[in-house]
Amino acid sequence: MRTHAQAVVIGGGLIGCSILYHLTKHGWSDVVLFERDELTSGSTWHAAANIHGLHDSTNISRLQHYTMALYKELEKETGQGCGIFQPGSLYLAQTEAREHQLRLQEAKARRYKMNFYEVDRAEAERLHPLVDFDGIRCIMYEPEGGNVDPSGVTAAYAAGARQRGAEIHRFTAVTGTEQQPDGSWIVRTTKGDVRTQWVVNAAGLWAREVGAMAGLALPLIPTEHQYFVTETIPEIASMGRRLPSVADRDGEYYLRQEGLGLLIGAYERAMKFWAEDGTPQDFGHELFPDDLERIEENMMRAIARVPAVGAAGVKTVINGPMIWSPDSAALFGPVPELRNYFCCAGIIPGFSQSGGLGRLAAEWMIEGEPTLDMFGWDLARFGHWAGKAFVKARVQDQYSHRFKIHFPNEERAAGRPVRTRPAYSMQKENGAVFGLNFGWEHPLWFSIDGEPREETIGFTRQNWWHPVGREARMLRDHVGIIDISNFAKYEVKGPGAEAWLNALFANKIPSRVGRSCLTPLIGKRGGIAGDFTVTKLAEDEYRVFGSGMAERYHQRFFKMLPLPEGTTFRSLTENMCGFNVAGPKSRAVLQRLTNDDLTTASFPFMASRRITVAGLDVIALRVSFTGDLGWELYCEEKDQTALYNALLDAARQEGGGPVGSRALMSLRVEKGYGSWGREYSPEYWPQEVKFDRLIKMDKGDFLNRDAYAALASKPARDELIMISIEAKDADATGGEPIFLPDGTPVGQVTSGAYGYHVGMSLALGYVKAGSVKSGDAVTVAILGRPHNAVLLERPPFDPDGKRLRA
């Protein structure tokens with residue numbers, strides 16, 4: 001057994017073997033995998049192993065299509081069969097909402113040249129004559145859908161890794177992982193120790209236990225999951241071909257052929273947790289007792305749709321464990337608090353995603369960054385606040401509503417509230433409807449004068465559309481107070497503060513007290529890893545403001561540069577709160593509460609200083625994400641309620657009031673402002689997001705400068721654009737494809753909202769560079785249907801920035 005390795009993978013299931021294989025495929029041969037039992041122990045061996053390509057997330061669709069194509073390549077490369085069956089998959093819509101979802105996915109498939117399209121009932125009956133299609137509104141077909149053999153795929157990954165030099169040690173338990181001062185790790189096993197550059201936790205059902213060895217508390221919990229296989233069905237035995245699988249998500253079951261019978265699985269409402277306090281170390285290939293009564297309602301719906309199921313006997317019942325994250329997406333990526341510790345756990349449709357996850361994991365470890373933006377699956381999306389009670393509540397909700405549509409802007413209540421600030425109760429009394437942002441409750445909108453207190457969900461405009469419009473117009477006409485406490489807030493202090501910030505960010509950091517700048521953070525491949533506001537408050541003292549949901553994600557970048565001696569960096573996000581006072585009367589509101597001079601001559605745009613507001617000490621920045629005249633005010637957490645009360649009282653005297661984040665979305669889209677995680681992403685180059693003007697190559701070295709320099713002179717591949725859409729009952733929200741009038745795909749929406757002040761349905765997005773120009777007509781696939789749109793030359797609100805700088 002090796003005593004040194006470039007990477008040690010812990011866990012010999014599907015995902016661990018895929019990561020091992022892809023590490024070798026990307027050039028690392030000095031890699032080792034340890035499995036406590038036999039390969040496929042845990043969740044892999046009993047999986048239904050269905051494969052499908054389409055997902056609501058475009059990048060996950062790309063990842064899944066890569067995986068599906070890889071299996072045939074694996075067979076050729078290794079000689080190990082993967083048991084691939086691809087008779088296709090039928091997707092059924094019983095409801096209007098499901099039809100919207102499927103049509104949007106079909107539009108995305110056309111955009112990305114994926115094989116997914118609508119078929120009529122006659123064709124569907126030809127493909128699967130056992131299905132009763134009564135009551136079905138829409139049928140989509142994916143020809144490459146199907147299933148694989150769990151053991152065969154895992155063995156093929158293992159064989160491919162071994163062929164490239166990897167070692168695999170079965171029946172070798174890992175007993176400890178110890179970080180060394182130089183960043184390497186000692187992995188202790190029952191057969192000896194290995195020193196390694198990277199540790200990879202792909203331990204599946206035991207990921208929590210393996211994580212605990214390194215001091216990690218991973219937000220995961222296992223559940224039971226059942227499917228059954230019928231006896232031979234005569235109609236199938238006489239068919240002479242394999243039937244496509246059926247995704248009847250409105251019926252809350254899945255169904256595919258297995259042998260000469262059918263396999264039916266369900267995610268039942270009466271779900272059952274398992275091993276809440278830890279997965280038993282001696283668990284391997286065991287199953288739980290059958291409990292078909294728990295999925296009886298799902299079974300009856302399957303029988304109604306495929307009557308042959310009801311006439312067939314049950315041959316086999318599989319009731320085994322699977323481990324879930326709070327949102328049912330993978331916990332993926334390097335752990336920000338540790339050096340060289342990679343996690344890939346909590347994967348549910350693993351056989352659709354194993355290859356893509358393995359490839360991206362190898363890219364991340366070897367090249368420093370994956371080629372796809374994976375923030376939606378990055379384990380950094382959860383923080384210390386995601387405790388056991390939250391995880392359990394969210395997993396229960398995810399499992400029991402596995403096939404429920406995730407609607408745009410939907411906020412699920414399970415496990416909340418987790419983190420609240422002092423003004424929470426006051427906001428609730430004022431009619432706030434809350435959303436969740438990195439564990440924090442924050443106001444989405446405020447209900448007044450008999451408006452609904454709970455929001456509906458769907459693809460079309462919902463019951464919050466009018467209240468949000470009222471708030472947006474109030475701010476544009478008068479003034480609004482927006483709680484921005486969930487922004488990430490950092491303090492950098494000491495003699496090396498300016499030099500460290502200049503080495504981190506791409507723009508020149510202000511050298512004068514009282515000045516601020518906007519700056520991008522450059523990723524390993526030269527893209528946009530973040531956007532920040534940096535302000536100099538005093539000599540050797542700076543404040544940095546960024547995306548709150550990305551705070552843990554950005555820790556990775558902050559830790560890449562050692563702090564100069566005597567200089568400190570700390571997060572103030574939990575200690576400070578903030579409000580944006582914005583609108584044409586924002587100056588009048590603040591002037592009621594402070595003796596400081598707020599005139600433009602004294603307090604210009606992008607200036608900052610410490611001032612007193614309503615007798616409270618605050619940090620004031622002359623910026624506003626609304627694109628309007630405004631200030632951001634930051635105070636100590638203990639002063640939040642007092643400051644909020646004072647601001648609201650003064651705002652109401654000027655015709656204003658509280659404004660939530662939904663209105664902020666509308667306001668920033670009207671202005672054409674992008675946001676990180678939507679318009680700004682490591683996948684996009686600075687010149688594509690119009691951030692190249694903020695990169696100062698003459699200031700000296702900064703993080704990933706060489707990566708940007710290598711692409712700075714290259715023409716943009718895509719262009720960030722703004723469009724106005726002819727939409728009456730639904731607006732774009734993000735992800736909708738953009739087509740030329742002749743149907744040629746040219747791009748996709750990244751953000752969308754109705755612009756209440758300008759009276760337009762608007763969207764930001766990317767189109768292929770040179771494909772269209774301002775004034776050109778395009779269509780946007782809202783609800784999967786083409787909606788006429790036109791490219792705008794300039795933002796419809798304050799394009800010259802006169803109000804912003806007034």
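Which residue in β36 is the bridge partner of F739? I looked this up and found T779.

**Entry 1. Basis**

I am working with a predicted model, in which local features need pLDDT of at least 70 and side-chain atom pairs count only at pLDDT 80 or more, while totals for chains, interfaces and linings use all residues. Residues are numbered from 1 along each chain as its sequence is written, and side-chain values use heavy atoms, with hydrogens and water left out. I take helices (H or I, at least four residues) and strands (E, at least two) as DSSP runs numbered from the N terminus. Two strands pair if DSSP finds at least two bridges between them.

**Entry 2. The barrel**

I traced a closed barrel of six strands in the order β32-β35-β34-β33-β36-β37, with antiparallel pairing. Ignoring direction, neighbouring strands of this sheet are turned by 45° against each other on average. For such angles, axes are lines fitted to C-alpha atoms, for helices over the stretch in contact, and the angles run from 0 to 180 degrees between N-to-C directions.

I noted that β32 (residues 718–725) and β37 (residues 785–791) pair in the antiparallel sense over three bridges. There, S724 has V790 in β37 as its bridge partner. Helix α3 (residues 96–111) packs on the sheet, where it touches β33 (737–739), β34 (745–755), β36 (777–782) and β37, and its direction makes about 60° with that of β33. Helix α18 (residues 661–671) lies across β32, β34 and β35 (760–768) and runs at about 125° to β34.

**Entry 3. Strand β36**

I then examined β36. Two bridges join this strand to β33, and the two run antiparallel. With β37, β36 pairs in the antiparallel sense over six bridges, and V778 stands opposite A789 in β37. The hairpin of β36 and β37 has two residues between the strands, and L783 takes a positive phi near 60° in this hairpin. Five of the six residues of β36 are buried, so the strand is largely enclosed by the rest of the structure. Buried means under 20% relative accessible area, exposed over 50%, and partly exposed in between (1.4 Å probe, protein chains only).

**Entry 4. The open sheet**

I found an open sheet of eight strands, ordered β5-β6-β4-β13-β14-β15-β12-β16, with mixed pairing. Why is one side of β5 (117–118) and of β16 (314–324) left without a neighbour in the sheet? Both stand at the edges, each with a single partner strand, so one side of each lacks a neighbour. Further in my notes, β4 (residues 89–93) pairs with β6 (residues 138–142) in the antiparallel sense over five bridges, and Y91 has M140 in β6 as its bridge partner.

**Entry 5. Helices**

I looked at α2 (residues 58–78) and α10 (residues 350–367), which pack at an angle of about 100° with their axes 7 Å apart. That makes α2 roughly perpendicular to α10. Angles under 35 degrees count as roughly parallel, over 145 as roughly antiparallel, 65 to 115 as roughly perpendicular and the rest as oblique. Contact means heavy atoms within 4.5 Å. Among the residues that meet are I60, L63 and Y66 in α2 and F351, L357 and R359 in α10.

Helix α15 (residues 551–558) is mostly covered, as seven of its eight residues are buried; these include Y553, F557 and F558. In α17, the buried residues include L643, Y644 and L647.
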